[in-house]
Number of protein chains: 2
Amino acid sequence: MLRFVTGNDGKVREARAALSADVTQFSYDYTEIQSHDLGTIAAHGAREAYQEVGEPVMVEDSGLFVDALDGFPGPYSAYVEDTLGIDRVWHLTEPEEDHAAAFRSLIAYCDGSALETAPTVRDGDPPVAIFEGRVEGTIVAPRGEGGFGYDPIFEYDGRTFAEMEPDEKNAYSHRGRALEAFADWGETR
Amino acid sequence: MLRFVTGNDGKVREARAALSADVTQFSYDYTEIQSHDLGTIAAHGAREAYQEVGEPVMVEDSGLFVDALDGFPGPYSAYVEDTLGIDRVWHLTEPEEDHAAAFRSLIAYCDGSALETAPTVRDGDPPVAIFEGRVEGTIVAPRGEGGFGYDPIFEYDGRTFAEMEPDEKNAYSHRGRALEAFADWGETR
């Protein structure tokens with residue numbers, strides 16, 4: 001059994017669809033640290049959750065990184081959505097020449113073992129394996145009614161994520177790609 | 001002896017001037033957690049630093065809170081300065097009717113004792129005393145060459161913090177006020 005440490009039911013459903021493991025939701029309020037690096041934040045959380053339960057756990061952290069804004073809002077995407085809101089993130093990007101941005105998702109997995117075969121491992125006690133997914137797109141004026149968060153201002157291949165059906169968006173999305181990388185490793189292990 | 005956990009020499013000089021205790025700089029990279037609340041961030045850091053050295057420690061965290069932006073950039077002021085820059089924080093505030101903002105500084109103190117006489121104590125093991133200083137002003141277009149960080153866009157009583165001499169700014173500043181509250185408590189203890 002794999003415990004997904006999250007308060008978000010939707011993320012658990014996505015993980016169940018993507019992974020062959022038996023995924024259960026684990027509501028544990030792990031410490032989110034401040035870092036420019038999503039992998040560091042997720043690894044810290046996974047290690048703490050593993051120390052709490054002593055069984056395999058995964059943590060996911062994600063963010064929107066706008067190139068012309070030096071990666072802002074990045075790891076603080078949820079805070080910025082709550083305070084500034086996504087319209088202001090569009091207005092900040094609008095006057096810039098470069099509207100390129102990426103959604104990034106990092107999955108951190110910890111089961112107390114050395115995880116030697118994982119492609120990226122963060123040392124520590126115990127070590128944590130990291131899997132990344134990213135999708136590159138363009139920041140645009142808000143369009144579409146679907147999705148959540150920054151989806152209305154993130155355009156991929158001519159449409160915003162808020163203009164896509166959930167299944168379609170999941171096929172392209174950063175989190176889907178991180179889950180796929182994690183699943184691929186799980187199968188070869 | 002009181003260890004001030006910071007990498008900033010200027011903050012240590014301010015603390016020495018304000019406190020009667022023997023203040024030494026302690027360069028320890030404590031975990032900064034994500035929180036909307038500066039007191040929670042500072043308390044977590046002070047507790048961790050105390051557990052590391054077992055002697056009295058203080059941690060300071062500060063931020064700029066813009067009313068019309070729901071407190072943004074708040075606890076992530078340093079990250080936002082590095083990525084967006086202060087000009088963009090002015091441009092975000094400019095179209096708003098309300099330009100009110102506050103600089104806030106929180107000092108967290110931990111010495112392993114119960115700290116029962118302190119005005120604000122965060123429970124935990126061990127407890128941490130919290131002292132706050134704040135200064136209210138207005139966000140304006142950048143002016144002045146002095147200070148650092150957001151000083152050029154923060155106007156207090158007709159001038160920006162960047163237009164004041166250091167001594168004058170320190171007399172009004174959030175950090176000076178937090179240090180004063182901490183010093184007052186130390187004298188009555």
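The side chains of B:Arg104 and B:Glu132 are joined by a polar contact of 2.8 Å (a polar contact being a pair of N or O atoms within 3.5 Å; within protein, one must be able to donate a hydrogen and the other to accept it, and residues adjacent in sequence count only if both atoms are side-chain atoms). This comes from a predicted model, in which local features need pLDDT of at least 70 and side-chain atom pairs count only at pLDDT 80 or more, while totals for chains, interfaces and linings use all residues. Side-chain values rest on heavy atoms, with hydrogens and water left out, residues are numbered from 1 along each chain as its sequence is written, and chains are lettered from A and ligands numbered from 1 in the order in which they are written.

As for confidence, chain A has a mean pLDDT of 94, with 100% of its residues at 70 or more (pLDDT is the predictor's confidence in each residue, from 0 to 100). For the complex, the predictor gives an ipTM of 0.84 and a pTM of 0.88.

Back to B:Arg104, which sits in strand β4 (residues 100–110) of chain B; strands (E, at least two residues) and helices (H or I, at least four) are DSSP runs numbered from the N terminus. B:Arg104 has a relative accessible area of 16%, so it counts as buried (buried is under 20%, exposed over 50%, partly exposed in between, with a 1.4 Å probe and protein chains only). Residues up to four places away in sequence aside, its contacts include B:Asp61, B:Phe65, B:Glu132 and B:His174 (contact means heavy atoms within 4.5 Å).

B:Glu132 also turns up in relation to B:Thr120: the two are twelve residues apart in sequence and 9.4 Å apart in space, C-alpha to C-alpha. B:Thr120 lies in the loop between β4 and β5 (121–122) of chain B and, at 37% relative accessibility, is partly exposed. Beyond its neighbours within four places in sequence, B:Thr120 is in contact with B:Val128, B:Ala129 and B:Ile130.

Over in chain A, helix α4 (residues 86–93) has six of its eight residues buried, so it is largely enclosed by the rest of the structure. Those buried residues are A:Ile86, A:Arg88, A:Val89, A:Trp90, A:Leu92 and A:Thr93. They pack against β3 (57–66), α3 (77–83) and β6 (128–139) of chain A, together with α4 (86–93) of chain B.

In chain B, residues B:Lys11, B:Glu14, B:Ala15 and B:Ala18 of α1(B) meet B:Arg175, B:Gly176, B:Leu179 and B:Ala183 of α6(B).
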